[in-house]
Amino acid sequence: MTARRVAVVTDSTADLPPQLVKAKGITVVPLTLHFEGRSLLDGVDIRPSEFYRKLPNVTTHPTTSQPAPGRFAETYGRLLTDYDEVVSIHISEKLSGTYASALQGAEMADAKRVHVIDSHLVSMSLGLLTLAATEMALQGADAESVAQQVGAMREQVQTYFSVATLEFLRRGGRIGRASALLGSVLQVKPVLCIRDGVVTPLERVRTFDRALNRVVELAREVDRGKGLCVIVGHADAEADAERVARELEPVAETLMIQPLGPVVGTHAGPGVVGVGCYPADILGLNIKLAASAQKPA
């Protein structure tokens with residue numbers, strides 16, 4: 001058997017289920033969570049369930065940091081012994097220093113054989129783009145072709161979400177254009193999206209329930225007649241996520257529910273529910289994972 005030509009790498013903010021990462025042969029480079037006086041590798045040393053259980057009681061707000069360039073260089077070097085090329089897809093440069101770190105790592109390893117891409121996205125949507133890249137590589141595309149297709153596709157991957165509170169986005173410095181919503185006298189719930197790689201407000205509604213309805217409606221509008229590839233993400237809000245997934249199931253070519261990992265959860269806060277989606281006619285993934293199958297052991 002010949003070695004697969006292109007290896008696909010992402011970072012832990014893609015929040016992909018571990019068993020899917022393993023099945024698809026994706027390499028995940030973890031960010032670091034600084035939590036309760038310890039430095040923990042995201043999704044490796046701490047799982048979402050443990051993080052959300054402990055978060056309400058912490059005295060100091062957790063912080064996060066991107067992987068060191070050396071960690072990327074070591075990862076790329078290892079992969080290049082088995083693969084011809086690497087495509088490495090990462091969280092929006094405007095939300096994290098991870099992309100810059102990956103670029104430095106590529107220079108240290110072999111810049112000609114490692115293609116580093118700023119997804120302009122995060123979490124569910126980064127996960128979808130990574131899965132799409134894996135599918136392209138499996139179909140035999142070389143790294144340059146994968147990089148070009150991913151670059152064209154990233155603008156068509158939509159992210160819609162609502163937060164229980166804007167406080168975590170504010171604390172973590174990731175609030176972006178949604179800062180305009182801070183200090184609102186009205187008890188309103190924001191419907192947010194990722195635009196140009198940053199958190200951007202779309203509208204305000206009176207209740208979280210209505211915000212979730214709008215997230216579903218906005219996701220359905222992305223469908224061009226051939227269905228949607230969808231990942232529903234949540235931060236300790238599984239019942240809400242399951243409701244959103246149920247409502248999107250009739251139009252979903254691909255559908256997963258996944259918990260947001262500790263690094264994304266640090267900045268989004270508990271209670272977040274969101275959707276990453278793109279029109280399935282671009283590239284179907286044919287993945288359906290039940291929520292119950294994704295609970296950590």
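The model is a predicted one.

- E1 and E2 belong to an open sheet of 4 strands, arranged in the order E2-E1-E6-E7 with parallel pairing.
- Its edges are formed by strand E2 (27-29) and strand E7 (114-118), each of which pairs on one side only.
- On average, neighbouring strands of this sheet are turned by 25° against each other, direction ignored.
- In general, the strands of a sheet pair through backbone hydrogen bonds, in either a parallel or an antiparallel manner.

**Helices on the sheet**

- Helix H3, made up of residues 69-79, lies across E1, E2, strand E6 (85-90) and E7. The direction of H3 is at about 165° to E2.
- Helix H4 (residues 98-109) also packs on the sheet, where it touches E1, E6 and E7. Its direction makes about 170° with that of E7.

- Helix H9 covers residues 238-248, and its buried residues are Ala-241, Arg-243, Val-244, Ala-245 and Leu-248.

**Cysteines**

- A disulfide is, in general, a covalent bond between the sulfur atoms of two cysteines.
- Across the whole structure, a search finds 0 disulfides.
- For Cys-229, the closest cysteine sulfur is that of Cys-277, at 9.4 Å, and this is too far for a bond, because a disulfide requires the two sulfur atoms to be within 2.5 Å.
- Cys-229 is buried, with a relative accessible area of 0%. Cys-277 is likewise buried, and its relative accessible area is 0%.

- Ser-119 is located in the loop that runs between E7 and helix H5 (124-138). This residue is buried, at a relative accessible area of 0%.
- The side chain of Ser-119 reaches two backbone atoms: the oxygen of His-90 at 2.7 Å and the nitrogen of Leu-121 at 2.9 Å.
- Not counting residues up to four places away in sequence, Ser-119 touches Ile-89, His-90, Ile-91, Ser-92, Leu-126, Leu-129 and Arg-154.
- Ser-123 is also found in the loop between E7 and H5. Its phi is near 55°, a positive value in a residue other than glycine.
- With 3% relative accessibility, Ser-123 counts as buried.

**Asp-15, in the loop between E1 and H1**

- Asp-15 lies in the loop between E1 and helix H1 (18-24).
- Although Asp-15 is not a glycine, its phi is positive, at about 55°.
- Asp-15 is buried, with a relative accessible area of 7%.

**Thr-32, in strand E3**

- Thr-32 is part of strand E3, which comprises residues 32-35.
- The relative accessible area of Thr-32 is 15%, so the residue counts as buried, the cut-off being under 20%.
- Leaving aside neighbours within four places in sequence, Thr-32 is in contact with Ser-39, Leu-40, Leu-41, Thr-63, Thr-64, Ser-65 and Val-263.

Terms used
Residues are numbered from 1 along each chain as its sequence is written. This is a predicted model: local features need pLDDT of at least 70, side-chain atom pairs count only at pLDDT 80 or more; totals for chains, interfaces and linings use all residues. Side-chain values use heavy atoms; hydrogens and water are left out. Two strands pair if DSSP finds at least two bridges between them. Helices (H or I, at least four residues) and strands (E, at least two) are DSSP runs, numbered from the N terminus. Axes are lines fitted to C-alpha atoms, for helices over the stretch in contact, and angles run from 0 to 180 degrees between N-to-C directions. Contact means heavy atoms within 4.5 Å. Buried means under 20% relative accessible area, exposed over 50%, partly exposed in between (1.4 Å probe, protein chains only). A polar contact is a pair of N or O atoms within 3.5 Å; within protein, one must be able to donate a hydrogen and the other to accept it, and residues adjacent in sequence count only if both atoms are side-chain atoms.
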